[in-house]
Amino acid sequence: MAELLDAVLTRRSYPRVTADTPSTQELLRLIAAAGRVADHGGLRPWRLIELRGDDRVRLGAALVDASGRTGVDAERLAGKPLRAELLVAVVASRKVSPKVPAWEQDVAASGVGHLLGLLLADAGWGVMWRTGPFTRSRQVSDMHGLTEKEELLGWLYVGGVPVELKPGSSPAIDPAHFLSTP
Ligand SMILES: Cc1cc2nc3c(=O)[nH]c(=O)nc-3n(C[C@H](O)[C@H](O)[C@H](O)COP(=O)(O)O)c2cc1C
């Protein structure tokens with residue numbers, strides 16, 4: 001328990017990461033754990049997409065296409081997915097259910113994203129969950145091969161922790177501020 005608390009309390013996002021990345025095998029090991037989130041009806045309404053190499057270039061092109069930007073602005077946008085060698089797209093993959101509405105399914109999908117980020121951080125990787133104004137554009141959905149029932153929740157940008165940024169943690173919160181009675 002102390003170790004879990006410590007892992008959560010010391011997690012921080014890394015806006016810059018090095019080119020090292022976890023292997024697909026390592027990712028799978030962590031996904032097996034992240035996929036244990038509370039999930040109403042056990043629908044598993046999520047999936048993850050691993051983007052490496054040229055996948056990130058294609059994502060950049062899709063962002064530019066969606067934005068309509070040109071010139072330097074387009075180049076800047078195209079370069080965004082290149083900030084890490086590995087991006088893990090977190091996808092809300094809603095299932096047809098008479099019992100579990102879409103929002104509940106999205107909560108489970110979001111939980112997988114947070115847990116995977118935490119597990120990657122605990123394994124020593126630098127992670128940052130990112131989105132942007134074109135995350136839910138048709139061009140970006142198509143690039144990921146999403147179905148009509150699927151929507152992106154963003155990407156975990158994953159890489160090595162730059163030595164100069166280690167160690168650190170997110171600012172503490174005042175828990176009393178977030179807990180009340182009805
Ligand atoms: C769904 C989601 C999308 C996010 N998108 C961005 C983003 O596009 N850009 C950004 O700077 N931070 C984004 N963040 C916040 C960062 O991931 C990070 O949590 C924040 O910078 C605070 O740092 P910390 O995690 O170390 O507390 C997002 C977080 C979530 C959960």
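Let's start at the ligand: one of its oxygen atoms sits 2.9 Å from a polar backbone atom of Thr-131. That is a polar contact, meaning a pair of N or O atoms within 3.5 Å; inside the protein, one atom must be able to donate a hydrogen and the other to accept it, and residues adjacent in sequence count only if both atoms are side-chain atoms. On its own the ligand has 610 Å² of accessible area, and the protein covers 55% of that. Such areas come from the Shrake-Rupley method with a 1.4 Å probe, and for residues only the protein chains shown count as cover.

A quick word on what you're looking at: this is a predicted model, where local features need pLDDT of at least 70, side-chain atom pairs count only at pLDDT 80 or more, and totals for chains, interfaces and linings use all residues. Residues are numbered from 1 along each chain as its sequence is written, and side-chain values use heavy atoms, with hydrogens and water left out.

Back to the ligand. The residues around it include His-114, Trp-129 and Leu-153, where being near means having a heavy atom within 4 Å. This shell divides into three nonpolar, four polar and three charged residues. In that sorting, Ala, Val, Leu, Ile, Met, Phe, Trp, Tyr, Cys and Pro are nonpolar, Asp, Glu, Lys and Arg are charged, and the others, Gly among them, are polar. Strand E3 (residues 125–130) gives the shell its largest share, three residues. Strands (E, at least two residues) and helices (H or I, at least four) are DSSP runs, numbered from the N terminus.

Now find strand E2, residues 86–93. Eight of its eight residues are buried, so the strand is largely enclosed by the rest of the structure. Buried means under 20% relative accessible area, exposed means over 50%, and partly exposed is in between (1.4 Å probe, protein chains only). Leu-86, Val-88, Val-90 and Ala-92 point one way from E2, while Leu-87, Ala-89, Val-91 and Ser-93 point the other way.

What does E2 pair with? Strand E1 (residues 46–52) pairs with E2 in the antiparallel sense over seven bridges, with Ile-49 partnering Ala-89. Strand E4 (residues 150–160) also runs antiparallel to E2, over eight bridges, and here Val-91 stands opposite Leu-152. Two strands pair if DSSP finds at least two bridges between them.

Finally, look at the charges. The structure holds 10 salt bridges, each a side-chain nitrogen of Lys or Arg within 4 Å of a carboxyl oxygen of Asp or Glu. One of them links Arg-76 and Asp-73, with the closest N and O atoms 3.8 Å apart. Both residues lie in helix H4 (residues 71–79), three residues apart, about one turn of the helix.

Another salt bridge joins Asp-106 and Arg-94, at 2.7 Å between the closest N and O atoms. Asp-106 belongs to helix H5 (residues 102–122) and Arg-94 to the loop between E2 and H5, so the pair ties together parts 12 residues apart in sequence. Both Asp-106 and Arg-94 are buried. Through shared partners, salt bridges join Arg-94, Asp-106, Arg-136 and Glu-151 into one network.
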